[in-house]
Amino acid sequence: MDIKKKLAALTIAATLSFGICAHAASEGPKLLPFMYTDSDEVIAMIDSIEKADLTTEKQIEEAFLAYCELEDSAKVKVTNYEKLNNLRKEFPQLYNADAEN
């Protein structure tokens with residue numbers, strides 16, 4: 001897949017993720033087979049991701065979706081959300097670096 005297609009796919013995925021998280025907060029259907037209610041599980045998912053690279057993209061997205069599925073009262077307990085957010089922001093840079101090589 002060339003870099004333009006990767007970047008377009010990433011842009012679409014990021015846009016959908018934002019919408020998915022907003023939708024998850026509503027009373028709509030759940031995105032995952034079960035709803036995460038334990039912030040400790042989500043914290044552990046985020047902690048298990050050491051760096052953002054092309055092999056951890058799915059793991060990062062799953063952690064983000066799990067965070068979105070949390071109740072609002074549990075979201076505030078996710079103390080490493082900033083790490084997850086920063087990992088998600090690194091993906092456009094990864095694709096750009098891939099194109100330069």
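Mentor: K58 and E62 are four residues apart in helix α3, about one turn of the helix. Helices here are DSSP runs of H or I of at least four residues, strands are runs of E of at least two, and both are numbered from the N terminus. The model is a predicted one, in which local features need pLDDT of at least 70 and side-chain atom pairs count only at pLDDT 80 or more, whereas totals for chains, interfaces and linings use all residues. Residues are numbered from 1 along each chain as its sequence is written, and side-chain values use heavy atoms, with hydrogens and water left out.

K58 and E62 form a salt bridge, with their closest N and O atoms 4.0 Å apart; the term denotes a side-chain nitrogen of Lys or Arg within 4 Å of a carboxyl oxygen of Asp or Glu. K58 is exposed because its relative accessible area is 60%, while E62, at 39%, counts as partly exposed. The cut-offs are under 20% for buried and over 50% for exposed, with partly exposed in between (1.4 Å probe, protein chains only).

By this rule there are two salt bridges. The other joins the side chains of K51 and D53, at 3.9 Å from N to O. K51 is exposed at 52%, but D53 is buried at 17%. E50, in the loop between α2 and α3, is exposed at 76%. Its C-alpha atom is 10.0 Å from that of K83, although the two residues are 33 apart along the chain.

The largest nonpolar core has 17 residues, and V42, I46, I60, Y67, L70, V78 and L84 touch the most other members. Helix α3 gives the most to this core, with six residues, and α2, α3 and α5 each supply at least two. Such a core is a set of buried Ala, Val, Leu, Ile, Met, Phe, Trp, Tyr and Cys residues joined through side-chain atoms within 4.5 Å.

From α2, the buried residues pack against α3, α4 and α5. They are S39, V42, I43 and I46, and they lie on the same side of α2 because they cover an arc of only 105 degrees around its axis. The arc is taken from the directions from the helix axis to the C-beta atoms. S39 is buried at 6%; beyond its neighbours within four places in sequence, it is in contact (heavy atoms within 4.5 Å) with L70, A74, K77 and V78. With residues up to four places away in sequence not counted, I46 touches A63, V78, N80, Y81, K83 and L84.

In α5, L84, L87 and R88 are buried. These residues line one face of the helix, because they fall within an arc of 100 degrees when seen down its axis. E82 and K89 are exposed on the other side of α5.
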